[in-house]
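Q: I would like to learn how to read the features of a structure such as this one, step by step. Could we begin with what has to be understood about contacts, and then go on to the place where the chains meet?

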Protein chains: 2
Amino acid sequence: MAHATRHDVSDRAAKQDDPYRSRISLLPEIVPRVDPVLYGGRHSAGPLTSEQLASYSHDGFIQLHGLLDAAEIKALQAEHVRLRTNRSTIDQDTLILEPGSAELRSVFQIHVQSDLIGRLASDARLVAITRQILGDDVYIHQARLNYKPGLFGKEFYWHSDFETWHVEDGMPRMRALSMSILLTENTPYNGPLLIMPGSHHHYVRCVGETPDDHYKQSLRKQEYGVPDADSLSQLYVAGGIATLTGAAGSIVVFDCNAMHGSNSNIAPLPRSNVFLVYNSIKNRLTDPFGGKKPRPEFIANRRKATALAPRSVSLFGDR
Amino acid sequence: MAHATRHDVSDRAAKQDDPYRSRISLLPEIVPRVDPVLYGGRHSAGPLTSEQLASYSHDGFIQLHGLLDAAEIKALQAEHVRLRTNRSTIDQDTLILEPGSAELRSVFQIHVQSDLIGRLASDARLVAITRQILGDDVYIHQARLNYKPGLFGKEFYWHSDFETWHVEDGMPRMRALSMSILLTENTPYNGPLLIMPGSHHHYVRCVGETPDDHYKQSLRKQEYGVPDADSLSQLYVAGGIATLTGAAGSIVVFDCNAMHGSNSNIAPLPRSNVFLVYNSIKNRLTDPFGGKKPRPEFIANRRKATALAPRSVSLFGDR
């Protein structure tokens with residue numbers, strides 16, 4: 001008993017030390033980010049212009065057009081159709097369905113399950129941008145295909161990915177970014193990505209505690225780690241909302257702590273994308289900061305955290 | 001029994017004669033509209049330009065900016081807040097809540113319950129436009145305040161208002177229009193009105209039958225009278241989707257048969273509007289074409305179908 005009490009006390013002290021503690025209070029709070037957005041260092045030379053870097057630093061995201069060529073986009077779209085129609089080739093544990101239906105919502109660990117998407121994840125063009133922003137060698141923390149079906153696609157409520165990765169996966173600091181590679185046209189009306197510009201400079205501590213095995217339902221419909229209405233209003237008043245529309249093949253690069261979400265999709269036009277999360281090799285996962293057991297490997301890469309060796313500049317290999 | 005059989009047969013024959021029959025087959029169908037969009041006649045001179053009329057005829061809607069002045073917009077916004085926060089003054093039957101919550105979604109018969117909105121409904125500026133399009137004297141078929149709350153506003157699935165008004169209310173022909181007067185800014189991200197341009201030229205017969213007292217849940221969440229996926233795709237491929245954004249005070253005028261809907265609203269910015277439906281006095285309601293008992297008076301005006309006497313040009317009366 002004495003041991004258990006000591007453990008509880010030191011555990012609580014450790015949590016109070018954590019600048020990104022969350023889900024341990026009944027009151028929400030917004031605090032400043034304590035990590036850089038752009039990391040300098042030996043990798044900081046790279047393909048992005050200083051204007052693009054400044055925009056990323058200010059808003060928490062940039063959009064890239066024309067990085068992939070038409071043949072590459074077509075190949076990714078065909079791969080997406082193939083994976084969707086041949087579900088038997090996919091590890092069933094990595095399939096997530098829409099809330100209240102049997103429609104496919106996401107396939108996780110897609111870079112391992114698809115050679116083409118594996119090549120995309122380690123493509124020199126994407127990795128060079130990631131290294132330039134994060135100032136370090138990187139690895140894939142999470143990779144998935146998202147399908148937002150036409151007509152009945154449901155909304156994704158506002159969230160910071162980092163809040164979840166910190167509390168549930170043990171990602172120590174904000175030194176990660178996501179790339180969303182659009183596979184269908186994203187219009188104002190088919191549930192495009194919404195980001196609150198500048199929100200990545202602030203950290204919203206969420207209220208409540210995380211239930212055990214939360215991921216089993218949170219990937220379908222989030223109910224914990226949800227920011228409160230007042231904090232969202234403050235971030236909105238400060239920076240507004242950007243609606244990230246774009247042609248198939250365009251790419252959104254966004255900071256791990258950007259507040260983002262998307263509305264439903266009643267349009268007869270699905271919204272699909274490949275979602276790749278890159279993390280600095282100096283920011284590998286530890287025990288989850290929320291104190292629960294880690295989520296499965298297909299959601300958060302713990303074992304294979306070796307730096308990516310960037311491949312030559314084409315999804316089709318050397319040419 | 002013999003009588004009942006004869007009745008069934010003649011009832012079925014009557015339905016087969018109805019150009020806008022719906023919800024009587026297991027297979028959906030798209031058929032051409034048989035009514036005009038613009039009606040000529042003695043009222044056809046009016047404030048809209050020939051370009052505006054041509055646009056309305058082609059697309060099924062127009063947007064009007066600057067028709068209401070700043071003081072009028074402010075007064076309508078204040079009235080909306082007043083009605084929302086003093087629910088006790090409202091006939092409880094006319095309140096519709098969001099699906100799965102206690103949030104207010106709509107207040108019906110609002111032109112009778114609010115003097116200001118009553119004046120808006122009979123405002124000479126709106127009535128002149130309506131008469132010009134419908135070529136006749138008009139009356140209010142339905143009037144409501146819609147609230148789409150910020151953060152948790154739910155989507156409205158695609159529908160033709162006329163399909164419901166015909167089947168459930170007994171509106172004979174397509175000689176009605178709606179005006180949506182925006183009370184908050186409508187952006188791409190707070191669930192704005194979406195319309196499929198050109199869809200009003202086609203009538204989608206929906207499948208299935210209407211349950212008794214369908215309105216009690218359909219005003220919260222529509223499950224019958226819902227167009228099928230193939231028909232929606234055809235209309236979308238033909239005309240696309242228009243996202244009707246605009247400042248508070250702007251007005252969308254749209255045909256009773258325009259296919260429309262809206263996505264969810266996760267933005268911390270509510271979307272509210274006054275929704276007024278004008279019908280030609282030659283198009284007064286008969287028995288519902290679906291054969292069920294009529295919906296209540298607060299949803300579909302049966303008794304008070306006298307032509308509007310347009311009021312002077314200000315919401316504040318003569319000045």
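A: A polar contact is a pair of N or O atoms within 3.5 Å, where, within protein, one atom must be able to donate a hydrogen and the other to accept it. What is shown here is a predicted model, and in it the side chain of Glu168(A) makes such a polar contact with the side chain of Arg23(A), at 2.8 Å.

Q: Where in chain A is Glu168(A) found, and does it count as buried or exposed?

A: Glu168(A) belongs to helix α7 of chain A, which covers residues 161-169. Its relative accessibility is 6%, and because buried means under 20%, Glu168(A) counts as buried. As for the chain around it, buried residues make up 57% of the 319 residues in chain A, and the chain has nine helices and 13 strands.

Q: How is the size of an interface often given?

A: It is often given as the accessible area lost when the parts come together. For chain B and chain A, the buried area is about 2,200 Å², with carbon and sulfur atoms giving 62% of it. On the side of chain B, Tyr189(B), Ile266(B) and Pro268(B) lose the most area to chain A, and together they account for 30% of what that side buries. Counted by residues, 26 of chain B are in contact with 26 of chain A.

Q: How many salt bridges and polar contacts does the rule find across the interface of chain B and chain A?

A: The rule finds two salt bridges across this interface, and it also finds 15 residue pairs in polar contact. Glu155(B) forms a salt bridge with Lys154(A), in which the closest N and O atoms are 2.9 Å apart.

Q: Which elements give two or more residues to the side of chain B that touches chain A?

A: They are β6 (156-160), α9 (229-239) and β12 (259-262) of chain B, and α9(B) gives the most, with four residues. The residues of that side divide into 17 nonpolar, seven polar and two charged.

Q: Why is β6(B) described as largely enclosed by the rest of the structure, and which residue of β12(B) is the bridge partner of His159(B)?

A: Four of the five residues of β6(B) are buried, so this strand is largely enclosed by the rest of the structure. β6(B) and β12(B) run antiparallel and are joined by three bridges; in one of these strands, β12(B), His260(B) is the bridge partner of His159(B).

Notes:
Residues numbered from 1 in each chain as written. Chains lettered and ligands numbered in written order. Predicted model: local features only at pLDDT ≥ 70, side-chain atom pairs only at ≥ 80, totals over all residues. Heavy atoms only, no water. Contact = heavy atoms within 4.5 Å. Buried area = accessible area lost by both parts, 1.4 Å probe. Salt bridge = Lys/Arg side-chain N within 4 Å of Asp/Glu carboxyl O. Nonpolar A, V, L, I, M, F, W, Y, C, P; charged D, E, K, R; others polar. Buried < 20%, exposed > 50% of the residue type's maximum accessible area, 1.4 Å probe, protein only. Pairing = 2+ DSSP bridges.
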